[in-house]
Amino acid sequence: METVENIINSVSGFVWGLPLIFLLVGTGLYLTIRLTFFSFQQLPYALSLVFKKGDVKSKGDITHFQALMTALAATVGTGNIAGVASAVAVGGPGAVFWMWITAFVGMATKYSEAILGVHYRVKNDRGEMSGGPMYYIEKGLNMKWLAVLFAGFAAVAAFGIGNMVQSHEAAGVASQNFNIPVWVTGLFLSILVALVIIGGIRSIGKVVGIIVPVMIIFYIGAGLLIVLFNVADVPSAFGLIFTDAFTGQAVAGGAVGAVIQQGVARGIFSNEAGLGTGGIAAAAAKTDLPARQALVSMTQVFIDTIIVCTITGLALVMSGMYARADEFDSSAQLTSAAFEQYLPGFGGIIVAIALLFFVFSTIIGWSYFGEKCFTYLFGLRAAMPYRIAFVIALFIGAVVSLDIVWGFADVMNGLMAFPNLIALLLLSGVVVNETKKFKKKRKEEKEEEKRVG
């Protein structure tokens, strides 16, 4: 068993090595430039779109907001708490800066995934929209085999990174902070998730539309309390982040490369820009133009990394707790200790509660992504068996050791990126054309607004 674990960890290290990181960041940078920094220019408008209902007569199953919340549900999770702590502990405060850089180029990647997800989506026999990398690879590139590869990797990854690993993390947090037996947490999670996902995307959209905003506001609120009560420490924390990003002083030997690698890798792990999941969520949205929903989807990267991850990063850097990482058993405990230092008596509990909510939402979001990939491979009749298996796996994940599962899921998660990035690069012309259509439409809307106003 130990040999198998070592092999899987070696493969995981290779898959998530520098080639994939360069490909992910390079694709985002290429798309950012080819779209003439459109993602930056339209960010204020994109954020305003989040809370608009949009055209209810447009094709789709859920609103702009619900589609965004589904994407956020899957991405705002352990990466925002444990992932950031791991990046700062290993790479130093400068890793936070490189997470920001990854997010800014990742917005163009997520935008492109969403445009293609809507552009190539299809209506299944139940009248629901289906889209994502497997559809735009098959329909846009006529490469069915590559689409099947993506769907297979994603369907398997959902059981690991979006299921068993999450329930195991939740069970550990509940046991450590509230003395709840792991099997109780596993059973409770399984029942809750079953009640949500059995109803499909419309049920998922309604639930995450409530849970995700609440959990994000709850966590950000606690972080802002720390910042406001210790505002004098904020400038020096930002200064350290910027300085260390280019010197690597906090890393043994001053290895700037280690700072960059940790920041980029954890940033991608957190917001999933380039993995293709954003296109699956966007495809379900009611929208008149693919680019309009793509702008909404793009804000997920901004919210996830620029806002939520920054809160965690600031708490760790301001407290100096990242330098004591070897005193803790997990990265999540490191973040808890940082919050506890500034909010004695309840800082750790806040992180624990936030993590439980994050885990729950991640499970729900990934259940949808995995199901869409599984039904692409095996048809709609496979949907209910997949949901049942997904729920059962939740309980198993909570009560068993998951070292091998984590490593295998990590490999599948990384392998998802390769087919998707190939498609994004080859179909970037479609993204540009759809963006031009939106610009023309937006110009007409602005002229109409001036005329009426």
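Tyr322 sits in the loop between H15 and helix H16 (331–342), where helices (H or I, at least four residues) are DSSP runs numbered from the N terminus. At 16% relative accessibility, Tyr322 counts as buried; buried means under 20% relative accessible area, exposed over 50%, and partly exposed in between, with a 1.4 Å probe and protein chains only. Leaving out residues up to four places away in sequence, Tyr322 touches Val88, Ala89, Pro93, Leu240, Leu316, Val317 and Leu334, contact meaning heavy atoms within 4.5 Å.

A word on the ground rules. This is a predicted model, in which local features need pLDDT of at least 70 and side-chain atom pairs count only at pLDDT 80 or more, while totals for chains, interfaces and linings use all residues. Residues are numbered from 1 along each chain as its sequence is written, and side-chain values use heavy atoms, with hydrogens and water left out.

Two of the residues that Tyr322 touches, Leu240 and Val317, also turn up where H12 meets H15. Helix H12 (residues 234–247) packs against helix H15 (residues 290–319) at an angle of about 100°, their axes 9 Å apart. Those axes are lines fitted to C-alpha atoms, for helices over the stretch in contact, and angles run from 0 to 180 degrees between N-to-C directions. H12 and H15 are therefore roughly perpendicular, the label for 65 to 115 degrees (under 35 is roughly parallel, over 145 roughly antiparallel, and the rest oblique). On the H12 side are Val234, Ala237, Phe238, Leu240 and Ile241, and they meet Leu314, Val317 and Met318 of H15. By type, the residues of this contact are eight nonpolar, no polar and no charged. Here Ala, Val, Leu, Ile, Met, Phe, Trp, Tyr, Cys and Pro count as nonpolar, Asp, Glu, Lys and Arg as charged, and the others, Gly among them, as polar.

H15 matters for the core count too. The largest nonpolar core has 144 residues, and those with the most contacts inside it are Tyr111, Met134, Ile216 and Leu295. The largest share of this core, 17 residues, comes from H15. Such a core is a set of buried Ala, Val, Leu, Ile, Met, Phe, Trp, Tyr and Cys residues joined through side-chain atoms within 4.5 Å. Ile216 touches Leu72, Val76, Ile303 and Val308, again without residues up to four places away in sequence.

Met134 leads on to helix H8 (residues 133–141), whose buried residues are Pro133, Met134, Tyr135, Tyr136, Ile137 and Leu141. Leu141 has 16% relative accessibility, so it counts as buried. Beyond its neighbours within four places, Leu141 is in contact with Tyr136, Ala423, Leu426 and Leu427. Leu141 and Leu426 are 285 residues apart along the chain, yet their C-alpha atoms are separated by 7.8 Å. Just after H8, Asn142 takes a positive phi of about 60°.

Positive phi shows up elsewhere as well. Asn179, in the loop between helix H9 (144–178) and helix H10 (182–197), has a phi of about 55° although it is not a glycine. Glu272 is not a glycine either and has a positive phi of about 60°; its place is the loop between helix H13 (256–271) and helix H14 (277–282). Asn179 is exposed, with a relative accessible area of 67%, whereas Glu272 is buried at 5%.

Thr102 is found in helix H7 (residues 94–119) and is buried, with a relative accessible area of 6%. Its side chain reaches the backbone oxygen of Trp98 at 2.8 Å. That is a polar contact: a pair of N or O atoms within 3.5 Å where, within protein, one must be able to donate a hydrogen and the other to accept it, and residues adjacent in sequence count only if both atoms are side-chain atoms. The side chain of Ser190 reaches the backbone nitrogen of Phe395 at 3.4 Å, and Ser190 touches Val391, Leu394 and Phe395, with residues up to four places away not counted.
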